[in-house]
Amino acid sequence: MSQSQKDYIEQGEKYILKTYNRFPVVLERGEGVYLYDTDNKKYLDFGAGIAVFALGYGNKYYNDALKAQIDKLIHTSNLYYNVPAVKAAKRIVEATKMKKVFFTNSGTEAIEGALKVARKYAYNKDNSKDYEFIAMNHSFHGRSQGALSVTGNAHYQDGFVPKEFRAVFAEYNNLEDVVSKITDKTCGIICEVVQGEGGIYPADPEFLKGLRKVCDEKDILLIFDEVQCGMGRCGSLFAHDLYGVKPDVLALAKALGCGVPVGAFVVNERADGALVPGDHGTTYGGNPFACAAINAVFDQFEERKIPEHAKEIGQYLWDQLEGLKERNDCITAHRGLALMQGLEFAPEKPVGEIVKKALNNGLILISAGNNVIRFVPPLVIEKEDVDEMIRILEASIQE
Ligand SMILES: Cc1ncc(COP(=O)(O)O)c(C=O)c1O
């Protein structure tokens, strides 16, 4: 590593608040499915900035759209309308077949908004203030106080969320457990359609169908978090479409802006009207620059049939990972959908070490849950990228 890369790392450690244990690499530029560090070392990217950069790096259409919007107008506030926001809202509403959208700046804020919708929906019925949520064990919904309150992992909550603010937690994919925890105080049920950070666990179809049914019966709102699994990653534009189950509120982010920080929550007919003017807001959310990114993403997704591509390459990735699992006893499980897959390793083979070795060998991978490597590459990868990833990963496992 060059002295200049070492210097950047040293300065990063000195000036950036240490809430991450970063890998000792300074990434500088990207091209297609590759990233380059400041020494020009090349990395095949199977992390996509944690499931964000669906279009790959240097997508000309996307970059040109952003540049054009910068020259036109970057920000206005939500006190006025702007053209990219109106267009992006229409596209999201039409694509989800839901009713209305609120733009946020992150996935966490999309969750915050979704929780507020459910709470207010219940409050509007009887003015009761002590409503609570049912959320899932091993879920992840973000790092703010509200999003943490429904994140089913004590490691993230302890020290930040007092017990009385926490949701009631149930076992993911266990409908009986969820139903047994519903009380008169329950205002919403929140779950990821595929649990990401928790270790790549797709929902069972019967589980989601059951949640929909019970939420209808009890008149409580069902919130799907598709921040990570949405926007084509699971082989259809939205993961819940694979299940034929619609939420009342849908949270999106990550690939929605493909690198420009943006998120959204979308409400259906039932949830529309829960929030009224003054109930929620954001300075940046839905600004012209962020919404130009969303529109460019939708254009590219449509033109290049990105979700269909993710489905096809996802099957190839599945087959190759199955082969890898057969050849390596230390791999104990393989789960996921399309381009959101995970390999679980035996405890004596810590994935942290494999991820470090892979990075050294020019492959970016990220971990998840309990000793799982998570595969969330740009959605534009091709078969030869999968082959290259498997080669480097296998060498890194055996090193
Ligand atoms: C399922 C899910 N929800 C919410 C979030 C939070 O999103 P953000 O980091 O954009 O705030 C994440 C982030 O990883 C996520 O995976």
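Here is a short walk through this structure, from its nonpolar cores to its ligand.

Keep in mind that the model is predicted, so to speak of local features we need a pLDDT of at least 70, side-chain atom pairs count only at pLDDT 80 or more, and totals for chains, interfaces and linings use all residues. Residues are numbered from 1 along each chain as its sequence is written, and side-chain values use heavy atoms, with hydrogens and water left out.

Let's start inside. A nonpolar core is a set of buried Ala, Val, Leu, Ile, Met, Phe, Trp, Tyr and Cys residues joined through side-chain atoms within 4.5 Å, where buried means under 20% relative accessible area (1.4 Å probe, protein chains only). The largest one here has 100 residues, and Tyr 62 and Phe 375 are among those with the most contacts inside it. Helix 10 (residues 288–303) gives this core its largest share, eight residues; helices are DSSP runs of H or I, at least four residues, numbered from the N terminus. A second, separate core has 28 residues, including Val 117 and Phe 265.

Now for the ligand. Among the residues surrounding it are Gly 107, Phe 140, Asp 225 and Lys 254, each with a heavy atom within 4 Å of the ligand. Some polar contacts (pairs of N or O atoms within 3.5 Å) show up here. A polar side-chain atom of Asp 225 sits 2.7 Å from a ligand nitrogen, while a backbone N or O atom of Gly 107 is 2.9 Å from a ligand oxygen. Phe 140 has a polar backbone atom 3.4 Å from a ligand nitrogen.

Note on methods. Buried means under 20% relative accessible area, exposed over 50%, partly exposed in between (1.4 Å probe, protein chains only). Helices (H or I, at least four residues) and strands (E, at least two) are DSSP runs, numbered from the N terminus. A polar contact is a pair of N or O atoms within 3.5 Å; within protein, one must be able to donate a hydrogen and the other to accept it, and residues adjacent in sequence count only if both atoms are side-chain atoms.
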